[in-house]
Amino acid sequence: MKTILGYLRPHAPRVAVGVTVKFTAAVLELLLPLLLAHIIDDCVPARDLPGVFRAGGLMLLMAFGAAFCNITANRMAAWVSMDMTRQLRRDLYQRTLLLSQAQLDRFSVSSIVSRLTNDTYNVHQMFDKIQRGGIRAPMLVLGGLALTFFQAPPLALVQLGVCSATFFAIWLVTRRGIPRYTRAQEAVDTVVRILQENAAGVRVVKALVCQGRERDRFAAASRASKEAEEAAGCVMAAANPLSDFLLNLGLVLVVLAGAALVDRGRMASGQIVAFLSYFTLIQTATLGLAKLFVKYSKGVASARRIEEVLLAPEDQQVRVPGEAPGPELGMENASFSYLGVEKDLDGASFSLNKGETLGVLGPTGSGKTTLISLLLRLYDADSGVVWVGSRDVSALSREDLRGRFGVVFQNEALLNDSVYENISFLRGLSREDVTAAARTAQAWAFIEALPEGLDARLDIRGANLSGGQRQRLLIARALAARPGILILDSADSALDYRTAAALHAAVRRDCPGVTLVVISERVASLRDADRILVLEDGVIAAQGTHGELLETCGRYRRMAELQMGGLT
Ligand code: ADP
């Protein structure tokens with residue numbers, strides 16, 4: 001909470017002014033019933049009409065003054081809380097971008113999204129409501145009680161009892177309601193997730209004729225959401241009737257007790273009217289205070305979740321460079337485990353010279369992407385050395401390391417923007433560079449054929465392109481900044497053999513000196529590589545050139561024969 005409170009500090013002067021204005025409004029509101037009592041008890045019996053108008057006029061002025069002050073202070077509170085939430089959200093987003101992959105895995109992307117949206121909203125609500133009601137409500141309750149105790153202690157005791165009962169009743173109801181609302185929110189998250197999965201995989205759902213199963217899955221989630229919402233609604237439905245009942249009960253008690261006091265001549269009737277005004281004022285403020293506590297507890301819980309991300313320690317330090325372990329790129333006995341249970345990459349060793357091509361082959365789950373992730377330092381190896389540009393990756397700054405790479409991952413996203421922006425990708429590249437990259441990536445022919453060429457707009461996730469066209473745009477994006485090392489992770493899986501071959505030849509021709517790492521299931525895409533790694537269960541089972549592996553690695557030979565027939 002300390003970190004979050006720090007966001008309020010720059011706004012302290014505005015908060016102080018807002019609080020003072022609120023304070024003034026509360027004083028004015030507290031004085032109104034006193035004037036009313038004065039009119040009824042002093043002016044009316046004395047038939048002092050000018051006195052009535054004077055006091056009435058003053059009441060009107062004070063009521064306008066209180067309304068004006070409340071509106072002004074509420075606006076100031078809204079500005080302050082909006083400003084600080086904007087800054088908080090910006091910092092949280094920036095911190096999220098700098099989280100290591102291991103930290104992102106730990107928090108999970110959906111949780112990060114809800115911290116950025118839901119939790120920042122809760123913190124916003126908490127600060128907004130505290131500024132609006134944090135001074136006003138306690139002042140009205142305490143000030144009102146003090147004034148009524150001064151006038152009629154027995155009635156004030158009735159009031160205190162009813163107020164306490166109201167506060168605890170509402171507090172209990174909302175405390176019980178919040179967890180139910182949290183569960184209802186989680187149920188809505190599930191509905192949205194299923195909807196997103198179906199929207200993303202709509203073709204598969206249709207192709208495999210799973211509509212029935214998906215409809216049932218959605219119906220079940222939808223039912224769970226309705227039930228959770230009903231459970232929360234049932235609890236919260238008690239809040240308003242309960243507070244109305246207590247308010248009315250209190251009014252009856254005050255009138256009864258007040259009538260007895262008037263009867264015995266210990267109180268004037270104007271004082272009873274003033275008392276009833278105080279009663280309503282205090283009761284409303286008590287309700288506000290109970291709701292404020294709820295906002296506060298929700299806000300504090302959210303603030304903690306936000307702080308977890310903001311204060312997540314930098315877990316990938318830049319270390320002092322050791323001795324250069326080898327040429328351009330490679331690993332020496334590198335091992336890594338995602339969950340710390342079994343090794344997902346075990347004792348990997350290989351090295352590559354500048355300008356050479358590395359091929360990586362292996363079944364799904366054999367550790368190909370993990371190998372790339374260690375080169376990019378998305379994760380730190382648990383043991384062994386990983387190096388890039390003849391330096392240990394842990395000795396390079398994040399910008400220096402990532403700036404050397406152009407990467408095409410599987411299932412990477414395209415933006416709902418122009419073809420140019422999708423290739424330039426916020427790097428402000430020239431149209432010439434973008435065009436050249438598109439030519440090398442074998443994407444230019446279809447881009448040229450689009451009605452608006454480079455300025456043609458893509459649908460969300462590039463849905464108006466074929467799989468192969470999307471892949472070529474992603475390759476163009478990776479090539480456009482002229483990286484020293486290009487990684488293609490199954491980037492040609494949706495390309496036909498001819499296009500894939502043309503792509504590899506064009507990369508070699510147009511990007512002289514580029515070091516290439518190609519992950520592919522196709523032997524044809526790897527056969528010209530200077531070194532090919534064959535991965536099995538996280539272990540490099542064999543490595544060498546195409547010719548060498550045909551001789552030494554049975555698995556490679558079988559794959560080559562299967563895919564290329566007699567052309568090996
Ligand atoms: P490939 O790219 O060869 O298909 P990966 O390198 O993606 O394989 O995965 C290697 C192994 O690591 C698999 O067993 C996979 O389940 C596991 N793995 C991959 N990513 C994660 C992750 N973020 N958390 C836990 N395990 C993972």
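Tryptophan 387 stands opposite aspartate 392 in E5, where E4 and strand E5 (residues 391-392) pair in the antiparallel sense over two bridges. Two strands count as paired if DSSP finds at least two bridges between them, and the labels themselves are DSSP runs numbered from the N terminus, helices being H or I with at least four residues and strands E with at least two. The hairpin of E4 and E5 has two residues between the strands, and glycine 389 there takes a positive phi near 60°. E4 (residues 383-388) also runs antiparallel to strand E1 (residues 329-336), joined by five bridges. One of these pairs glutamate 332 with valine 385 in E4.

A word on the source before going on. This is a predicted model, in which local features need pLDDT of at least 70 and side-chain atom pairs count only at pLDDT 80 or more, while totals for chains, interfaces and linings use all residues. Residues are numbered from 1 along each chain as its sequence is written, and side-chain values use heavy atoms, with hydrogens and water left out.

Now for the open sheet: six strands in the order E6-E7-E8-E3-E9-E10, with mixed pairing. Strand E6 (405-408) and strand E10 (539-544) stand at the edges with a single partner strand each, so one side of each has no neighbour in the sheet. The twist averages 15° from one strand to the next. Within the sheet, strand E3 (residues 357-361) and strand E8 (residues 515-519) pair in the parallel sense over four bridges, and glycine 359 sits opposite valine 518 in E8.

On to the helices. Helix H2 (residues 12-43) and helix H3 (residues 49-98) pack at about 160° with their axes 8 Å apart; axes here are lines fitted to C-alpha atoms, for helices over the stretch in contact, and angles run from 0 to 180 degrees between N-to-C directions. That makes H2 roughly antiparallel to H3, a label for angles over 145 degrees. H2 passes H3 in a left-handed crossing, meaning that the near helix is turned anticlockwise from the far one by less than a right angle (clockwise would be right-handed). Their contact divides into 23 nonpolar, nine polar and four charged residues, where Ala, Val, Leu, Ile, Met, Phe, Trp, Tyr, Cys and Pro count as nonpolar, Asp, Glu, Lys and Arg as charged, and the others, Gly among them, as polar.

H3 has another partner: its axis and that of helix H5 (residues 109-133) come within 9 Å and cross at roughly 155°. That makes H3 roughly antiparallel to H5, but this crossing is right-handed.

On a 1 Å grid over the protein atoms alone, a cavity is a set of points where a 1.4 Å probe fits but cannot get out, while a pocket is an open set with protein on both sides within 12 Å along at least five of seven lines; lining residues have an atom within 4 Å of a point. Points are joined across faces, edges and corners, and a volume is the space filled by probe spheres set on them. H2 gives the largest share of the cavity's lining, five residues.

The largest pocket holds about 1600 Å³. Of its 40 lining residues, the closest to the centre are Gln101, Leu378, Phe409, Glu412 and Phe425.

Definitions and conventions:
Angles under 35 degrees count as roughly parallel, over 145 as roughly antiparallel, 65 to 115 as roughly perpendicular and the rest as oblique.
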